[in-house]
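Visitor: Please show me the chain and walk me through it by question and answer.

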Amino acid sequence: MNRGRPLAWLAALASVVGLLAACGNESDTDANPAGQVQVDRAEPDSDLPDSPFGRLLSWSAPTADRVWAVTTAEKTCASCAALWSYAPGSTRGWKRVHTFAEPAEAGQDDGYGPFPPVSATSLVMAPDGLHGWFRWDTDGILATEDGGRSWRHLPSPQDPDERATGEIAVHEDHLYLVLLAQCESDECPNTVWRTGLDASDWTEVTPEGSEGIFELSASDAGLWAEDVGTGAVHTTRDGQSWERTPTRRIGELCLPADGTADVLVAACQTSDQGEPGGEVEVSEDRGRTWRTIHTTPRNVEAVVAGPKGHFLVLAGGQGVLISDGTTSKVPSTGGLHEWSGRFIDEQTIYLGGPRGLFATRDGGRTWDNLISKKRVG
């Protein structure tokens with residue numbers, strides 16, 4: 001799973017809405033109602049340059065032999081974005097697959113120029129290498145069925161004439177969506193939906209008694225979600241039933257961050273009066289008992305759980321790898337909201353941020369920046 005979103009006390013959930021104009025082409029939005037599904041056509045391979053340009057915005061590594069990345073795209077279109085595909089270990093290098101449309105409103109400008117409103121986990125590719133989804137904070141969710149060459153707007157499961165907006169995750173052969181509520185009242189919380197990879201038939205699988213799901217992540221062990229006011233919920237049954245983590249340990253300053261079949265991990269803020277300080281705690285009995293595995297004078301901002309005894313932790317902007325009780329630094333990726341990581345297994349780990357997309361195949365002893373081709377460690 002790609003994880004590493006900043007925790008609830010550090011970031012608000014962005015609202016997701018749209019892609020309106022093709023980069024370098026005239027907009028056709030006047031000819032289409034706002035809710036109507038549109039198709040962003042595939043680009044001829046001959047028109048796509050083969051060297052990455054710009055800042056890494058999002059990435060997805062569904063398998064060990066294929067990595068996908070979204071970067072800023074063109075010097076002449078600062079708020080466009082490009083999709084790239086790469087096979088680690090091959091001599092071919094990065095292949096540019098698609099250029100996404102320029103949004104109607106450019107994203108924030110952090111000194112490097114405006115870039116699209118894309119988060120670290122906006123891109124989700126399925127293991128088959130064909131199906132994928134991309135969240136634009138200005139236009140909802142896009143879907144591809146041909147490996148990223150062409151994209152269409154994903155219809156909402158509640159209204160096919162509207163665009164789906166919210167969190168997405170893939171587990172086994174299903175796509176899961178946390179559909180954002182269209183009102184701000186407690187009477188209409190976010191809902192969870194499941195469909196096949198072709199997104200043709202949706203089923204609501206919202207946990208019973210949910211007060212509002214606002215985080216969603218998938219691993220080989222199942223699907224995890226964070227429920228407002230009640231902590232973490234977990235399913236291994238395609239959302240048909242959910243197991244709720246006891247909430248007595250999960251409090252205002254200690255929130256569930258990730259989970260696998262073996263462990264639930266929580267990020268805790270330990271200091272008071274605004275001073276930094278944090279801990280990473282794990283539970284191997286679904287939240288009944290907890291133990292501390294990492295203490296830091298910095299605030300813990302994100303945690304990714306890997307195979308048993310392995311974790312990636314971001315604290316105060318510095319990442320560390322915890323392997324069977326041993327802690328080591330990982331490459332600095334820059335950014336906070338853009339940080340994310342994924343374990344393929346104990347030896348193969350991916351870590352991404354604005355400064356690059358890093359991979360290790362020796363358990364963290366050395367790291368390769370897949371963008372710049374430089375080795376760290």
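The questions below go from the whole chain to one strand, its aromatic rings, the cores and a sheet.

Visitor: How many helices and strands does the chain have?
Guide: This is a predicted model. Of its 377 residues, 56% count as buried. The secondary structure comes to zero helices and 30 strands.

Visitor: How many of the residues of strand S7 are buried?
Guide: Strand S7 covers residues 132–136. On one side lie Gly 132, Phe 134 and Trp 136, and on the other Trp 133 and Arg 135; all are buried. Both faces are thus covered, and the number of buried residues in S7 is five of five.

Visitor: Which residue in S7 is the bridge partner of Met 125?
Guide: Strand S6 (residues 123–125) pairs with S7 in the antiparallel sense over three bridges. The two strands form a hairpin with six residues between them, and Gly 129 in the turn has a positive phi of about 75°. The bridge partner of Met 125 in S7 is Gly 132.

Visitor: Which residue in S8 is the bridge partner of Arg 135?
Guide: S7 is also joined to strand S8 (residues 140–144). The two run antiparallel, with five bridges. In S8, the bridge partner of Arg 135 is Ile 141.

Visitor: Why is the pair of Phe 100 and Phe 134 called stacked?
Guide: A search of the whole structure finds five aromatic pairs. In the pair of Phe 100 and Phe 134, the ring centres are 4.4 Å apart. Planes under 30 degrees apart count as stacked. The pair is stacked because its planes stand at 25°.

Visitor: Which strands does this pair of Phe 100 and Phe 134 link?
Guide: Phe 100 and Phe 134 are both buried. They are 34 residues apart, so the pair links distant parts of the chain, strand S5 (residues 95–100) and strand S7.

Visitor: What angle lies between the planes of Phe 134 and Trp 151?
Guide: Trp 151 belongs to strand S9 (residues 151–153) and is 17 residues apart from Phe 134. Their rings form an edge-to-face pair, 6.4 Å centre to centre. The angle between the planes is 65°.

Visitor: Is Trp 151 buried or exposed?
Guide: Ring pairs link Phe 100, Phe 134 and Trp 151 into a cluster. Within it, Phe 134 has 0% relative accessibility and counts as buried. Trp 151 has 1% relative accessibility, and therefore Trp 151 also counts as buried.

Visitor: Which element gives the most residues to the largest nonpolar core?
Guide: This core has 16 residues, and those with the most contacts inside it include Trp 133, Ile 141 and Ile 168. The elements that give two or more residues are S8, strand S10 (166–171) and strand S11 (174–179). With three residues, the element that gives the most is S11.

Visitor: Which strands are the edge strands of the open sheet of four strands?
Guide: The order in this sheet is S22-S23-S24-S25, with antiparallel pairing. Inside it, six bridges join strand S23 (residues 310–315) to strand S24 (residues 318–323). The edge strands, each pairing on one side only, are S22 (300–305) and S25 (326–329).

Key
Residues numbered from 1 in each chain as written. Predicted model: local features only at pLDDT ≥ 70, side-chain atom pairs only at ≥ 80, totals over all residues. Heavy atoms only, no water. Buried < 20%, exposed > 50% of the residue type's maximum accessible area, 1.4 Å probe, protein only. Pairing = 2+ DSSP bridges. Core = buried A, V, L, I, M, F, W, Y, C linked by side-chain atoms within 4.5 Å. Phe/Tyr/Trp six-rings, centres within 6.5 Å; stacked < 30°, edge-to-face > 60°.
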